[in-house]
Amino acid sequence: MKLANLARILAVCLALSAYSSWSLAVRQRQHLGTDPSAPEPVAGIPLIRLGTAEALWHDHSTLFVDVRSATDYEFGHIAGAVSLPEEAFEQRFPELKPRLKRAETIVVYCKSVDCGKSLWCALRLRDAGLLQTRIYPYGWNEWYNNGLPIAGLGR
């Protein structure tokens, strides 16, 4: 009787193992051709990670847009970034629009992944025809904590 129970347990384990392998293979086929470490776009706007943000920062055709408050911007911001506080978008956008249009890539950021201002600003920029917009969701906090170039009073 004990040998029969052992055989049943082994059969169940084998079946579960086969199912697990099959389901993993199906998931891998569905994601074939995509980078699993790359974040999914939000509302059609690509999200970028620190390495990509840093590489874009070194490209002079990229413009970083800080959507935090003017006070936060003055205290510290990514070096070279322009201030476009989300709450003052309507007032500041017309004067920045020519510069934004010339940029090959626009990287919008706020304080961290908890802040939704970068998404709202990026949506407004896309609606204005600036399709080169990207969102750096980890924003100022990640940039600063990794010792990358900053500017401002808190330097």
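**Entry 1: the overall layout**

I counted six helices and six strands in the chain. I kept in mind throughout that this is a predicted model. Reading along the sequence, I wrote down the pattern α-α-β-α-β-β-α-β-α-β-α-β.

I then checked burial, and 34% of the 155 residues count as buried. For the accessible surface I noted about 9700 Å², with 58% of it belonging to carbon and sulfur atoms. I also looked at contacts with a separation of 6 or more: 66% of them are between residues 24 or more positions apart.

Next I traced an open sheet of four strands, and its order is 3-1-4-5 with parallel pairing.

**Entry 2: strand 4 and its partners**

I wanted to know how many bridges join strand 1 to strand 4. I found five, and the two strands run parallel. Here Phe64 stands opposite Val107 of strand 4.

On the strand 5 side, I found four bridges to strand 4, again with a parallel run. Two of the pairs I jotted down are Ile106 with Thr133 and Tyr109 with Tyr136.

Is strand 4 largely enclosed or left open? Five of its five residues are buried, so the rest of the structure largely encloses it. As a reminder to myself, side chains in a regular strand alternate between the two faces of the sheet. In strand 4, Thr105, Val107 and Tyr109 are buried on one side, and Ile106 and Val108 are buried on the other.

I also followed helix 5, which lies across strand 4 and strand 5 and runs at about 175° to strand 5.

**Entry 3: helix 4**

I finished with helix 4 (residues 89–102), which has 14 residues. From first C-alpha to last it reaches 19 Å, close to the 20 Å expected at 1.5 Å a residue. I did find a bend of about 55° at Leu96, with a proline, Pro98, following within four residues.

Which residues of helix 4 are buried? I listed Phe89, Phe93, Leu96 and Leu100. Their cover includes strand 1 (62–66), strand 3 (82–83), strand 4 (105–109) and helix 5 (117–127).

Key: Residues are numbered from 1 along each chain as its sequence is written. This is a predicted model: local features need pLDDT of at least 70, side-chain atom pairs count only at pLDDT 80 or more; totals for chains, interfaces and linings use all residues. Side-chain values use heavy atoms; hydrogens and water are left out. Buried means under 20% relative accessible area, exposed over 50%, partly exposed in between (1.4 Å probe, protein chains only). Contact means heavy atoms within 4.5 Å. Accessible areas come from the Shrake-Rupley method with a 1.4 Å probe; for residues, only the protein chains shown count as cover. The expected span of a helix is 1.5 Å times one less than its number of residues. The bend at a residue is the angle between axes fitted to the seven residues ending there and the seven starting there. Two strands pair if DSSP finds at least two bridges between them. Axes are lines fitted to C-alpha atoms, for helices over the stretch in contact, and angles run from 0 to 180 degrees between N-to-C directions.
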